[in-house]
Amino acid sequence: MLTEGEEIGRGEDRREMDVGAPEDQKNRRVATADRRHENNRQYATFFLDTHYLGVEVENVQEVFTAKAMTPVPLSDPMIAGLINLRGHIIMTIDLRRRLGFDDRPPEDEVMSIVVRTSDGPVNLLVDRIGDVIEVRPDLFESSPPTLESRLKASIDGVYKLEDSLLLALNTELASEVI
Amino acid sequence: MEEEEESILDEFLVECSEGLEQLDQQFVALEQNPTDESLLGSIFRAVHTIKGTCGFLGLPKLENVAHGAENILSAMRDHDMDVSSDGITVLLEAVDVIKEILEHIEAERREPDKNYDSVRKNLDDFLAASTDTEAVAPMTEAEAALMREMAGDDEVIVDDPDETQSSEETITSEATEEASGAEAVVQEAKSVNEISEVPPETTTPSPPKKSPEPVSKAPAATKTKKKLSLAESSIRVDVGLLDKLINMVGELVLARNQLLQQVRQQTETSPSNASSGTVQQINLITTELQDTVMKTRMQPIKNVWDKFPRVVRDLARANGKDVDLVMEGAETELDKTLLEAIKDPMTHIIRNAADHGIELPELRRERGKSEKGTLLLKAYHEGGHINILISDDGAGINVDRVKNKAVEKGVVTQEIADKMSERESLNLIFHPGLSTAEKVTNVSGRGVGMDVVKTNIEKIGGTVSMSSRIGEGTQMRIEIPLTLAIIPALMVTSGNEPFAIPQASLLELVRVDEESRNQIEVIRGANFYRLRGVLLPLLYLNEVLVLRPPKVSEDDIHSKGTNIVVLRAGDHSFGLVVDTVNDSEEIVVKPLSRQLKDLSYLAGATILGDGRVALILDVMGVAQEGGLKGDEQNDTGRMVEADVLINDEEGSATMILFSMNEEDRYAIPLSEVARLEEFDVEKIEQSAGQDVMQYRDELLPLVRLGDALGVMTSGEENDRVPVIVFSHHEKSIGVIVGRIIDIVEAEMHLHAAPSEKIGVKGSLVIDGKTTDLLDIEQLIECVVPGWLEEMVV
């Protein structure tokens, strides 16, 4: 659970981020959100801390247990390093850091989800992998305004599932290290 | 010779067919969108390239048609003519004719017999009808004059009995002997001088009718049996496919390595393992496969350079020049795509150098140079890049003329031009539509060359820069990244991570044992190693990159000694301290994610034999990151830089010369000085026992250098004293000296001072007089202790 102090800290963060959020990012998010009202969509789901997130299945290249990677000195702390994926060198982003979560305990298992982006494949580090689920568009709701800023800036919106909320990650935005 | 010519012609044909394929589409697109200037520019360049290449291949008919088309495109580009459907139609007809001629050349190895003058006339008529005649007239006159001039030159060459002629030209002479009358003169001039302008106007003798072409005659006999069309004998493969292939082979190599390891373990446990033979075979095949696949992409730069001797020779002959083409580093390998990309730019630069750079022999003699001009091509790896230098010892570029031209063409205003530095002015040459060539020839001078050079090089992430000295020559430097290139690299580890250092930057490896660790000197936090008596600045890779320390105790490292990789970063050298030095390996440079491009120390990444990713260091960037080449913003960086300067025996620096009492002379590098001032003695005040001065709303502490050095200061009785002001960050300090003598450029050949004295680094001989080089930081430290430390904070 978060302490009070951290809550306040995040509030400050949000103000900064909202001012700085590029216009095109907002637009892109709206565009994808609209499209979502047509058919059921499939999401590959995963967990980050206690949160349930998903990426659209067609954006997922592969999933595996995270392997050793080469750190990139002096780069943004969100960049966990580089991995060799069958001859391609792929940048790895620690999604916990990217979305403003606390670092995972070092002994915890780490999974890799390689997603396709316009800048080539990007490897995202997550905690646990869930099922591939199909969601109805009518369950979709755009990001609640009170959502933590870094998280809000990287998701399309939220699916209100029966027993939980699924945060629909926008892979383009999430793999952009700002 | 024949073979070379054949390959040039083949290459030309492949190139043209590619270009023409696109041309049709581009013309149509242009018709729909007549204001698209970049499209027009692209079409113009394509046609220009065809025309230019025809010039030195000796294909006058093709050239004639292409030239006509180019004139129209040029008028369109300069807005002398609107892009109209009629215009496009005329141009498309010309493109069809060009295709027809090319097909004939491919089949018969010579131009068709058909006369294409009517096509040219159509083009010219259209041009004349659609443009304001005044705009065209001067150019055509110039061209005509040029033609006459060139024809004149050629006769001299042909008549010269000492002139050695290649077999092909002998054929030409014979051929022209068969021709008759006045026409023969024209043809002779034209065929020998293969790149002369084809006169589109009636002021010159009528365009040549069919005559045996020099290029076609010899090969026609030998090549008749060549049945396969060029398109059939080679196959075009998508580069993406090759990349995929290379990556898969890379994976195969890794799998092979693992297999080998497993088999080795099995053989140890059960020696009777029969599969080892098969495994060995897989091993061999994999290696061979890897080599072959790599070869599909890597090519020596020689492949591009090979055509240049011919280009230079033809150009030189056409202009009556004597040019020696020297090539260094022709074996430097680079990726096919990069090679393709630099081909046209290099051709342009070389043509420019041979055409405009190098002077006529008489002029060279007058200027005291050897009559033979030299054009040097040099390729080498440096600091994670491939550098290509193209330098000539010609006339150099007249910066004022470039500026005038730029103002004349409206590229810059006169006011801006006046303020431009020499370098900026030189860069104007890369501006589209600017050409300083006084005459338009068919090889250069359309003002398309340099802007194409720049855009093409920048497209592959490279840079072009040029320097020029009037009377001494011009140098162009093309720097292209290593992306996809294979380079030899030294593998090292630091902080438990593997790094690759491009071998090209490597000077030597030094290992300092525990016993000789005292050879590593520390000056205010900066480390130096005495390498053969010279101080080599040291950077610790784990500190520069803020890496975790290796998981061994400090004593352990010390007992293992210090590994220093001596590297060259531009003009400086420095030592990079790493944990371990491993093998040297050939590595494949892989591109990095866009988001990592900002890291200056990083040149790329590579995959090691064990599948791990290793970062490739950009030596220049590491030096910068370590403060070696910084903007003199931090103190350590400054000091190191000054030291490097002194260590460099060849280096020179700008110095301020001054004296204290007319008998002595002192020097301080100008780079360390903020300002020179003269202060009223009366205004010098005292604060806390320190001389100060109200200066720019602040109190400037003053140091009397005479006191610090313990020498007499003459002129102290004067009303005003000269003061040298030094600045560090926000703070300044003034040093009162006796008399400032001069600012000079001096060789940094430092002699040890006869006796060691605080604040004196050593002695220099400047203008024949012994001059003490002062260590101003040490002096300030001595007089105002703690000032520097405070400053660092």
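A:Tyr159 stands opposite A:Leu166 in S11(A). This is a predicted model, in which local features need pLDDT of at least 70, side-chain atom pairs count only at pLDDT 80 or more, and totals for chains, interfaces and linings use all residues. Residues are numbered from 1 along each chain as its sequence is written, chains are lettered from A and ligands numbered from 1 in the order in which they are written, and side-chain values use heavy atoms, with hydrogens and water left out.

Student: In which sense do strand S10 and strand S11 of chain A pair?
Tutor: Strands are DSSP runs (E, at least two residues), numbered from the N terminus, and two of them pair if DSSP finds at least two bridges between them. Strand S10 (residues 155-160) and strand S11 (residues 165-169) of chain A are joined over 5 bridges, and their sense is antiparallel.

Student: Which strands are the edge strands of the open sheet of chain A?
Tutor: The open sheet has 6 strands with mixed pairing, in the order S8-S1-S2-S11-S10-S9. An edge strand here pairs on one side only, which holds for strand S8 (128-135) and strand S9 (140-142) of chain A.

Student: Is B:Asp775 buried or exposed?
Tutor: B:Asp775 is found in the loop between strand S29 (769-774) and helix H26 (776-783) of chain B, a helix being a DSSP run of H or I with at least four residues. Buried means under 20% relative accessible area, exposed over 50%, and partly exposed in between (1.4 Å probe, protein chains only). Because the relative accessible area of B:Asp775 is 19%, this residue is buried.
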